Amino acid sequence: MRVCVIGAGVVGVTSAYFLARQGHDVVLVDSQARPAEVSSYANGGQLSYSYVAPLAGPGVLPSVPGWLLRHDSPLRFRPRLDPHQWRWCLQFALACRASVANASTAQLLTLSYLSRDVMHSLLEQENLDFGHLKNGKLIAYRSAELLDKARALVAYQAAHGADQQVLDAAQTVAREPALAGMGASLAGAIYTPSEEAGDCRQFTEALFDRLQTMGNVQCVMSNPVSGLQREGRRIVAVNSRDGDIGADAVVLATGVGTRALLNPLGHDVPLYPLKGYSLSVPLADDDTIAPRISVTDYERRIVYARVGGVLRIAAMVDIGSDNADIDSARIGLLKRQVLEAFPGLDLRQAIPWAGLRPATPTGKPLIGRSHAADNLWLNIGQGALGFTLSCGSAALLTAQMGGMELPLDAAPFKP
């Protein structure tokens, strides 16, 4: 079968790779000259397989008013005259119920564990250089009350296979001495020894380079797609700047651009761009200030991960921003908060970045056949977990398109 995959971010490239490995002829098309130039470019770097709780949770809504009134809030909301934004926000609020959040967490854990297993299998077969580390993860808490609440989530995730430990402040610093800079503000942490890290862009580029060596793959870059041509119940051509692309099946891994392609076909999806920010801080070979274990500063929603010779720092969610322009005020705030946690860190050479992460209200991606056409498939909505869920999402999609079954209930991820 000839499959056209639109989108060369981490989700699109992994989808193209596994479809090609399954024996399909694959055409990968993207508007950028190189892969991973948009949402996958400089994300947090954490492969957080055991901690995939969705943003929508029972503790979120009570915190929202305070977040919106604080200048240093990890969440910023800009209301727009956009019915889709308000529908998404209403669906998000409904997803904050404990029953929904628990079900979403269980389903995301199942997909993330599949993704971990597929990633490990992939790395046994392909030599991909992306700064991959199995260095564990600490979720640091400043509030003893929030740390106590986190114990319940640890117990819940343990029932689904997660191996995590609750540490007090002294145990946390013993595990990661770099956190001593937080001083008395550190209450403790959740430690997950199995977590990993790596550079998402480098991973995507390395896998893309592997794709280009495969005889059944064609990569068509710098080629924007303008629409999908449908006849009856089938997509018969992908309309692109360089001409129409014919295919037996089409996969959309197009992130925030998905709605523009689906809406003319009468299929809308609950996808909304959440803007995030990051800093890439070069580190000396003998650096002892930056953490060696991946760290999440829970209250401030800041993540830290070593990827190669860089400390990647990612943070913040802006709802209502429709561009990836860097907001200097947000970057300035991020730098101040980073230096409060790691006072000796040199940020003078830090490289800022901002990107739009396409998310669903529940945090669960949409993987499967589109309602708009029998041969149109979606692999979208991974949000901030795009790197973590990419391999599992691609494996699930490939299985669905091949009529195979995986040991995974795919229904929760249906479009």
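Where in the chain is the place of A36? In this predicted model, A36 is in the loop between β2 (25–29) and β3 (46–47).

## Two residues with positive phi

A36 is not a glycine, yet its phi is positive, at about 60°. A36 is also buried, since its relative accessible area is 2%. S222 likewise has a positive phi without being a glycine, with a value near 55°. The place of S222 is in the loop between β9 (217–220) and β10 (225–231). Its relative accessibility of 29% makes S222 partly exposed.

## The open sheet

Six strands form an open sheet with mixed pairing, in the order β9-β2-β1-β13-β20-β19. Its edge strands, β9 and β19 (366–369), each pair on one side only. From one strand to the next, the twist averages 15°. Within this sheet, β2 and β9 run parallel and are joined by four bridges. V29 has V220 of β9 as its bridge partner.

How many of the ten residues of strand β17 are buried? Nine of them are, and the strand, which spans residues 310–319, is mostly covered.

| Strand | Residues | Direction relative to β17 | Bridges to β17 |
|---|---|---|---|
| β4 | 75–77 | parallel | three bridges |
| β14 | 272–282 | antiparallel | eight bridges |
| β16 | 302–307 | antiparallel | six bridges |

Individual residues show how these pairings are arranged. F77 has I319 of β17 as its bridge partner. P282 stands opposite V310 in β17, and R306 stands opposite L311 in β17. Strands β16 and β17 also form a hairpin, with two residues between them. In the turn of this hairpin, G308 has a positive phi of about 65°.

## A buried threonine

T192 belongs to strand β7, which covers residues 188–192. With a relative accessibility of 1%, T192 is buried. Apart from neighbours within four places in sequence, the residues in contact with T192 are S50, G136, K137, D163 and Q164.

## Two packed helices

Helix α1 (residues 10–21) packs against helix α10 (residues 386–401) at an angle of about 40°, and their axes are 8 Å apart. The crossing of α1 and α10 is right-handed. On the α1 side, the contact is made by V10, V11, T14, S15, F18 and L19. On the α10 side, the contributing residues are G386, F387, S390, C391, A394, L397, T398 and M401. By class, the contact of α1 with α10 holds nine nonpolar and five polar residues, with no charged residues.

## Cysteines without disulfides

A disulfide is a covalent bond between the sulfur atoms of two cysteines. How many disulfides does a search of the whole structure find? The search finds zero. C4 is in no disulfide, and the nearest cysteine sulfur, that of C219, is 11 Å away. C4 is buried, with a relative accessibility of 0%.

Notes:
Residues numbered from 1 in each chain as written. Predicted model: local features only at pLDDT ≥ 70, side-chain atom pairs only at ≥ 80, totals over all residues. Heavy atoms only, no water. Buried < 20%, exposed > 50% of the residue type's maximum accessible area, 1.4 Å probe, protein only. Contact = heavy atoms within 4.5 Å. Pairing = 2+ DSSP bridges. Axes fitted to C-alpha atoms, helices over the stretch in contact; angles between N-to-C directions. Disulfide = S-S within 2.5 Å. Left-handed = near helix turned anticlockwise from the far one by under 90°. Nonpolar A, V, L, I, M, F, W, Y, C, P; charged D, E, K, R; others polar.
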